[in-house]
Amino acid sequence: HHSFSAINTYASICSLQYRFRYVDRLPKERVGAALVFGIAMNDALRQTDVDLAKGRTPNEGKACEVLQASIESAYARRDLPVVSTHAETSLGLIEKGRNLIHHYLEVLPNDEVPVDLPLRFEIPLFTEDGEALPRPLVGEVDRWVKDAAGQIGIVDWKTSASRWSPEKLAKDDQATTYLMGGPSVLGKKPAFFRYDLLLKTKEPK
């Protein structure tokens, strides 16, 4: 199958990197601290959704435990060292993550609830002539939510060191991809798509 990450790597990042990763399937030699942190935050925020889906107040302590376990597991791997251009340590990332989780729970809309729908979707891809390609597009959303008006949409978590520019948003195709895949799960077009961007600044935003 194809994924948004694979298509984006080929079209927007580096075609050679695409070949190494998706065609030759060469093993990774290292992993960036930003990716480790992003995965850990996703794991932690999904833990808060487990509580919300059951009508409970999110357990911040449990979410922080999930975050810490994910980061420590990544840093413990000797076969895949974590590298950082900012000399970030596991302890530093854990502290930063705890602050972001606390901020996220403070600003989380109280009129939205997570919806128990499959996160994974699969849709066919076609050529310009309408011929179906042999491999489908597969993706996974972060969360489905229902707002106060009963509208169901997709929310995607992102962590970043700075705010995204309008130009970056205009060129971003992930939202389009997820809105294309949404009907295969929901049965109709999602009412909305939103990025919840968590800023890794000194004062979490």
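Start by selecting strand E8 (152–160), which is mostly covered: seven of its nine residues are buried (buried means under 20% relative accessible area, exposed over 50%, partly exposed in between, with a 1.4 Å probe and protein chains only). Strands (E, at least two residues) and helices (H or I, at least four) are DSSP runs, numbered from the N terminus. Before moving on, know that this is a predicted model, where local features need pLDDT of at least 70, side-chain atom pairs count only at pLDDT 80 or more, and totals for chains, interfaces and linings use all residues. Residues are numbered from 1 along each chain as its sequence is written, and side-chain values use heavy atoms, with hydrogens and water left out.

**The sheet around E8**

Four strands make an open sheet in the order E4-E7-E8-E9, with mixed pairing; two strands pair if DSSP finds at least two bridges between them. At the edges sit E4 (113–114) and E9 (193–199), each pairing on one side only.

Zoom in on E7 (143–146) and E8. They pair in the antiparallel sense over four bridges, and lysine 146 has isoleucine 152 in E8 as its bridge partner. Five residues lie between the two strands of this hairpin, and glycine 150 in the turn has a positive phi of about 85°.

On to E9: how many bridges join E8 to E9? Seven do, and the two strands run parallel. Click on aspartate 156 to find its bridge partner in E9, tyrosine 195. Then try tryptophan 157, which stands opposite aspartate 196 in E9. While you are here, look at where the side chains point: in a regular strand they alternate between the two faces of the sheet.

Select H3 (33–53) next. This helix lies across E4, E7, E8 and E9, running at about 145° to E8 (axes are lines fitted to C-alpha atoms, for helices over the stretch in contact, and angles run from 0 to 180 degrees between N-to-C directions). Within H3, pick aspartate 49. Is aspartate 49 buried or exposed? It counts as buried, because its relative accessibility is 10%. Leaving aside residues up to four places away in sequence, aspartate 49 touches Pro114, Arg143 and Trp157, where contact means heavy atoms within 4.5 Å.

Now show H7 (174–181), which lies across E8 and E9 at about 140° to E9. Alanine 175 has its place in this helix. It is buried, with a relative accessible area of 18%. Again not counting residues up to four places away in sequence, alanine 175 touches Phe193 and Tyr195.

**H1**

Next comes H1 (4–13). Its buried residues are Phe4, Ala6 and Thr9, and they pack against E1 (2–3), H2, E6 and H7.

**Last stop: the largest pocket**

Finally, display the largest pocket, which is lined by 49 residues; Ser5, Arg21, Lys28, Leu35 and Ile39 lie nearest its centre. A pocket here is an open set of points on a 1 Å grid over the protein atoms alone, where a 1.4 Å probe fits, with protein on both sides within 12 Å along at least five of seven lines; lining residues have an atom within 4 Å of a point. Which helix gives the most to the lining? H3 does, with eight residues.
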